[in-house]
Amino acid sequence: MSTRDLSGHEDIEIDATLNGKPLKRRVKARQHLADFLRQELELTGTHLGCEHGICGACTVLIDGRTARGCLTLAAQISGKSVETVEGLTENGMLAELQKEFIERNAAQCGFCSSGMLLTAHELLSSGDSLSRADIRKGMSGNMCRCTGYHAIIDAVEAVMTTRARR
Amino acid sequence: MKSRNFRYIRPASLAHAYQILTEANGEAVPVAGGQSLLAGLNMRLSAPKLLVDIGDLRELMHQSHLGGIVRLGALTRHGDLLRSELVRQHLPLLTQAAPHIGHIAIRNRGTLGGSLAYADPAAELPACAVALGATLVLGSSAGEREVKAEDFFKGLFETDLRPAELIVAVKFPVVQPGMAAGFAELSRRHGDFAMVGLAAIVSMQRDRIDSARLVYLGCIDRAKVAHAVSAAVVGLRAPLAVSASFDEAIGQDLAPDDTPEMRGDTKLHLAKVLTRRVLNGLAERAAA
């Protein structure tokens, strides 16, 4: 974008990193990141629930930190690194969490699971010892309408305990 | 739940951003974290012609601590407030308030400048800025000017910002020795908007309140010092008893409207409860 451009565009060239690989695309200015991932790239692991930042189903990582895919424009990821549930599954970063989720049936319909996994991944990445209340607080931005949350909190706690023993 | 069409531009510098905003003649809206703005666009509550993405402008990221003033760039994220040692040491009110802002994913993106510019009367940071006696640095192609936080908030989602003007930074005087900070809010769910909240800067002589600067959120149209209650609690001893003079003072400062969720007098009652809770908590901390 030249510094003389003052009026902007409806189509934007983006140059980003997605799941470790370079991504160059032309995106619609109005398209949010979750729609871009799902509709243009067919990465449908990122789900869309409320589309106004409440439910957490569209959680992705931007430069290593969780963000709402519905409250980020695809155009805003240019120059940044984005990771989705697909990328973090392939590289094994979510493997422990996924195993514990499955063991406890912490994913019932599965709609919230990708967001839950990414939020839990960030929550545990500090390596801090968290109380059950801390985990609940940390996961409170993600909604689940099936499990009543207990199994999810159990799974996150189990991974934290396993890692602490190592 | 899809926004209307708009154009997007990411300026290369702050000067470029000012130029774009001036040229756009009021039809452009700046976006940084976008955590309120994009939700509003998705719900079609607003439909700007042009979004100016200032989220990567280095000029808005600087932090400094000089001569008793902590200056935080407008792009300071809520998560940065939580993690910052500088903030913990000198502006503990912000460290206490930050966990109440949305959820982790929201705090990773949302910014200080964005929250103040949006001026949601239920938001935490406008109340904190007023309680701390902060000064906002506003910039445009005409130059910079400074406005005190208590003069900046004009009403419901209304501020002193002029068209084509941006919040550049916020200057916070560091908390003086003997001053304590307290923050609490009541909400239905963790991370949800506050029904009632309170940011307080108080000095105490053992269990006696020497001075107080109380700012409410969620039950008032804008962030402003609640002068009547702040004066009424001076000289009182903790634990605060239920008293008619206190009730009268809070009634002068707050007159919450009825909403579909809650009656105004319920909110007023909660504000009284929260005020006593925060002040008693500070007294306990002072005694410890």
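## Before we start

Two residues are in contact if their C-beta atoms, placed from the backbone, lie within 7 Å. Counted this way, 63% of the contacts in chain B with a separation of 6 or more are between residues 24 or more positions apart. In chain A, 60% of the contacts between residues at least 6 apart in sequence join residues at least 24 apart.

This is a predicted model, in which local features need pLDDT of at least 70 and side-chain atom pairs count only at pLDDT 80 or more, while totals for chains, interfaces and linings use all residues. Residues are numbered from 1 along each chain as its sequence is written, and chains are lettered from A and ligands numbered from 1 in the order in which they are written.

## Chain A as a whole

Chain A has six helices and five strands. Here, helices (H or I, at least four residues) and strands (E, at least two) are DSSP runs, numbered from the N terminus. Read from that end, the elements follow the order β-β-α-β-β-β-α-α-α-α-α. With a radius of gyration of 17 Å, close to the 15 Å that the globule rule gives for 166 residues, chain A is as compact as a globular protein of that length. This radius is taken over C-alpha atoms, and the globule rule is 2.2 Å times the number of residues to the power 0.38.

Along the principal axes, the C-alpha atoms of chain A fill a box of roughly 55 × 30 × 25 Å. Of the 166 residues in chain A, 45% are buried. A residue is buried if 20 or more other C-beta atoms lie within 10 Å of its own, exposed if 12 or fewer, and partly exposed in between, with C-beta atoms placed from the backbone.

## Two domains in chain A

Chain A is assigned domain 1 (11-87) and domain 2 (94-165); such bounds come from an automatic or database domain assignment. The C-alpha centres of the two domains of chain A lie 22 Å apart. Where they touch, domain 1 of chain A gives 13 residues and domain 2 of chain A gives eleven residues.

On the domain 1 side, strand 3 (59-62) and strand 4 of chain A each supply at least two residues. Strand 3 of chain A gives the most, with three residues. By class, this side has six nonpolar, six polar and one charged. Ala, Val, Leu, Ile, Met, Phe, Trp, Tyr, Cys and Pro count as nonpolar, Asp, Glu, Lys and Arg as charged, and the others, Gly among them, as polar.

## A closer look at A:Leu23

Is A:Leu23 buried, exposed or partly exposed? A:Leu23 is partly exposed, because it has 15 other C-beta atoms within 10 Å. A:Leu23 is found in strand 2 (residues 21-28) of chain A. Leaving aside neighbours within four places in sequence, A:Leu23 is in contact with A:Ala16, A:Thr17 and A:Leu18. A:Ser81 is 58 residues from A:Leu23 in sequence, and their C-alpha atoms are 9.6 Å apart in space.

## Where the chains meet

The contact between the chains takes 33 residues from chain A and 31 residues from chain B. On the chain A side, strand 4 (65-68), helix 4 (113-125) and helix 5 (132-138) of chain A are the elements that give two or more residues. The largest share, four residues, comes from strand 4 of chain A. This side of chain A has nine nonpolar, 16 polar and eight charged residues.

Chain B has twelve helices and 13 strands. Its radius of gyration is 19 Å, which agrees with the value near 19 Å for a compact globule of 288 residues. The C-alpha trace of chain B spans about 55 × 45 × 30 Å along its principal axes, and 49% of its 288 residues count as buried.

Five strands of chain B form an open sheet in the order 4-5-10-6-7, with antiparallel pairing. Two strands pair if DSSP finds at least two bridges between them. Strand 4 (63-66) and strand 7 (143-148) of chain B are the edge strands, each pairing on one side only.

Strand 4 and strand 5 (residues 69-73) of chain B pair over four bridges, and B:Leu66 has B:Ile69 as its bridge partner. Strand 10 (residues 166-173) of chain B is mostly covered, with six of its eight residues buried. Strand 10 of chain B pairs with strand 5 of chain B over five bridges, where B:Val70 stands opposite B:Phe172. Strand 6 (residues 135-140) of chain B also pairs with strand 10 of chain B over five bridges, and there B:Gly139 has B:Leu166 as its bridge partner.
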